[in-house]
Amino acid sequence: TIPDFDDLPPVEGMPQGCAWGLFDKDGKKDLRGTLNFLTPDVVAAAYKEARDGVSVSLNWPLNAVKFPIPGRIDPVHNVMSLVEAGVSSGQGWDDEIHFNTQKSSQWDSLCHWQDPVSKLAYNGTQVTKEGLSVSTTEENQLPTLDHWHSGGGLVARCVFIDYKAWYDAQAAKEGKMGEGTTFHPFEGHRITISEIETIAAHQNVTFKPGDVLLIRTGTTETLENPKPEDLAKLGQMQITGVEGTKAMAKWLWNKRFSAVAGDSWAFEALPPMSEEGEVMALEQLVLHPWLLAMFGMCIGELWDLKRLSEHCQKTGRYSFLLTSAPLHIPGLIGSPPNALAIF
Ligand code: UVW
């Protein structure tokens, strides 16, 4: 059985709640973190969610963000005629892509963000460029996304928390927002545990160990065709996400989520805040180190959830089978999720 946050065995030099060593087996360091919650029994139970014969893609186009993000290049997609390339005298095409894995829908691997004190990643690993520059997954000792493939990718039950739809419905009922206005994801809402639990109850869905938690704020749909005022708001860095607190980290661990994801910029609200409520620098993220480094729980960001929301509102079903297979590149830090919601 998996201990709760407060009962996790102490790890020398690390705060309570560090899950390093928990999934190590046969003297080998674990590289897959909370994907270990997805035992064959848990996955077999998740298959039962797929019964309506409908699937919804959760992947935003690679080039969906049309404005610059510092340090994150726009994707380059080169289409090549095989005839021009001198490969074929007949008809045929290839393409090449070059992109930053953090600019559209993505998984953050357990190497994306380290614990700020020890500077170590999940399971006490030291991330170095040399360590990541491997040519095979077998020689890769770092907890990156390519290790998902030996376990068959991610296949799990997923619970969808449609924060935007819930907020809009509440606001309309209470007359909180002007007519025609809806929830704006760049006005700094910090989603609380109590709100997540309230929305789950409102949507008539419960959490089970091994679930993926998926939260919609309306971010990707706002960024698809942003108005100047949306971009101005984005520039103010008041970005909705779940509250970045130790209490939230503890709740996410105690629910035994195998991963968390959403349509928001960083999953956690930005800017980060201290426990005392003081605004902190962007690099002082709170949930990134707790989830990625301490727990081994991957974070999905900028997933495209509008069609999913429409389907769930139409059917009243907020749980489904989720499949996701990252790119299979040795030492991969981030990846498009290639995620499908299957009903
Ligand atoms: C931020 O940009 C803050 O998060 P990430 O690096 O996970 O995209």
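Predicted model: local features only at pLDDT ≥ 70, side-chain atom pairs only at ≥ 80, totals over all residues.
Me: What is the strand order in the open sheet?

Reply: The open sheet has nine strands in the order β1-β13-β11-β5-β7-β9-β10-β4-β12, and their pairing is mixed.

Me: And which are the edge strands?

Reply: The edge strands are β1, residues 55-57, and β12, residues 334-335, each of which pairs on one side only.

Me: How many bridges join β4 to β12?

Reply: Two bridges join β12 to β4, which covers residues 106-108, and these two strands run antiparallel. If you look at Asp108, you will find that its bridge partner in β12 is Gly334.

Me: OK, other end of the sheet. In what sense do β1 and β13 pair?

Reply: The pairing of β1 with β13 is antiparallel and runs over three bridges, and within it Val56 has Ala341 of β13 as its bridge partner. On the β11 side, β13 is joined to β11 by four bridges, again with the strands running antiparallel, and here Leu321 has Ile342 of β13 as its bridge partner.

Me: Which residues of β13 are on the covered face?

Reply: Ala339 and Ala341 make up the covered face of β13, whereas Leu340 and Ile342 make up the uncovered one. In a regular strand, side chains alternate between the two faces of the sheet.

Me: Which strands does helix α9 lie across?

Reply: Helix α9, residues 306-315, lies across β1, β5, β7, β11 and β13, and it runs at about 75° to β5.

Me: Switching to α3, how far does that helix reach?

Reply: Helix α3 spans residues 163-174, twelve residues in all, and reaches 16 Å from its first C-alpha to its last, which is close to the 16 Å expected at 1.5 Å a residue. Just after α3 comes Gly175, which takes a positive phi of about 65°.

Me: Which α3 residues are buried, and what do they pack against?

Reply: The buried residues of α3 include Tyr163, Trp166, Tyr167 and Asp168. The buried residues of this helix pack against the strands β5, β6 and β7 and against the helices α4, α5 and α9.

Me: Last topic, which residues surround the ligand?

Reply: Among the surrounding residues are Arg72, Gln102, Asp108, His112, Trp265 and Glu301.

Me: How far is the ligand's oxygen from the side chain of His112?

Reply: An oxygen atom of the ligand is 2.8 Å from an N or O atom in the His112 side chain. For Arg72, the corresponding value is 2.9 Å, and for a polar side-chain atom of Gln102 it is 3.2 Å.

How values were computed: Residues numbered from 1 in each chain as written. Heavy atoms only, no water. Pairing = 2+ DSSP bridges. Contact = heavy atoms within 4.5 Å. Axes fitted to C-alpha atoms, helices over the stretch in contact; angles between N-to-C directions. Expected span 1.5 Å × (residues − 1). Buried < 20%, exposed > 50% of the residue type's maximum accessible area, 1.4 Å probe, protein only. Near = heavy atom within 4 Å. Polar contact = N/O pair within 3.5 Å; in protein donor to acceptor, adjacent residues only side chain to side chain.
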